[in-house]
Structure formats: C-alpha cells, structure tokens
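The sequence and structure come first.

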Amino acid sequence: MSTLPPCPKCGSAYTYEDGSLYVCPECAHEWSQAAATTAEGGEEKREVRDAYGNLLQDGDSVTVIKDLKIKGSSAVVKVGTKVRNIRLVDGDHDIDCKIDGIGAMGLKSEFVKKA
C-alpha cells in the first residue's frame, strides 16, 4: 500500500485518489498527482533581488531609486520614496505595494533598494 500525500490546503491525512487527482474529503481540495510530486521534490522558489543584489522578502521595506512615471496618470513616484510592507508576486512586476498618496501599484525590483 502506498502512502498518499497530505492535503496541501488543510493538511489532512485522509486524502484519496480519484483517477489522476488527489482529493481531500475534509476541505474538498483537489490537486493533480504531478503537482504533488513536484511539491515533494522541493519546488524551487524564485528569488527576487533589488537593484543592488540584496534578497527581498515579503514584508520588507524598500526605497525607490529612480523617478517612476505612473502609466495613465500625470503622477510620478519620486526618488527616495519609502515603501513599506511589500508583497512579492510573479509576473512582469515583482512587487505589489501601497504607496502613500498614490495607492496600490506594482513595482519592478530593479528600481528599488532594500531599506
């Protein structure tokens, strides 16, 4: 008898196979067996680094190192603007954040330095 992986969503040990999927009876989460094997194999996390090569993490504070024009607006994020509590995301912009006076926006890590 093979051991099945626990549910990645709730951690339940009572998972079962349904065709090519694993199913959790407690939270009804379904995931593919291929996804389970990559998760067990230690899926590689993407590293996000600032303009100077420092590793960034969720919750860090960063400082903008270049004037950034905001698309669709006449506003500009000035050099030296401090951004607190960043969140790292996948996509063309690595950082989601909220800037005082401007609001929520995405930044590229190449235009910030870790504070």
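## Basis and elements

Helices (H or I, at least four residues) and strands (E, at least two) are DSSP runs, numbered from the N terminus. On that basis the protein chain has 1 helix and 11 strands. From the N terminus on, the order of elements is β-β-β-α-β-β-β-β-β-β-β-β.

This is a predicted model, in which local features need pLDDT of at least 70 and side-chain atom pairs count only at pLDDT 80 or more, while totals for chains, interfaces and linings use all residues. Residues are numbered from 1 along each chain as its sequence is written, and side-chain values use heavy atoms, with hydrogens and water left out.

## Surface and contacts

The protein chain has 115 residues, of which 26% count as buried. Buried means under 20% relative accessible area, exposed over 50%, and partly exposed in between (1.4 Å probe, protein chains only). The accessible surface is about 8,000 Å², and carbon and sulfur atoms account for 47% of it; areas come from the Shrake-Rupley method with a 1.4 Å probe, and for residues only the protein chains shown count as cover.

A contact means heavy atoms within 4.5 Å. Among contacts between residues at least 6 apart in sequence, 35% join residues at least 24 apart.

## The sheet β1-β2-β3

Two strands pair if DSSP finds at least two bridges between them. In the order β1-β2-β3, 3 strands form an open sheet with antiparallel pairing. Its edge strands, β1 (16-18) and β3 (30-32), each pair on one side only. From one strand to the next the twist averages 35°, with axes as lines fitted to C-alpha atoms (for helices over the stretch in contact) and angles from 0 to 180 degrees between N-to-C directions.

Strand β2 (residues 21-23) pairs with β3 over 3 bridges, in the antiparallel sense. Valine 23 has glutamate 30 of β3 as its bridge partner.

## The nonpolar core

A nonpolar core is a set of buried Ala, Val, Leu, Ile, Met, Phe, Trp, Tyr and Cys residues joined through side-chain atoms within 4.5 Å. The largest one has 15 residues, and those with the most contacts inside it are Val77, Val83, Ile95, Cys97, Met105 and Leu107. At least two core residues come from each of β4 (62-64), β9 (95-99) and β10 (103-107). The most are given by β9, with 3 residues.

Leaving aside residues up to four places away in sequence, cysteine 97 touches Val83, Ile86, Gly103, Ala104, Met105 and Leu107.
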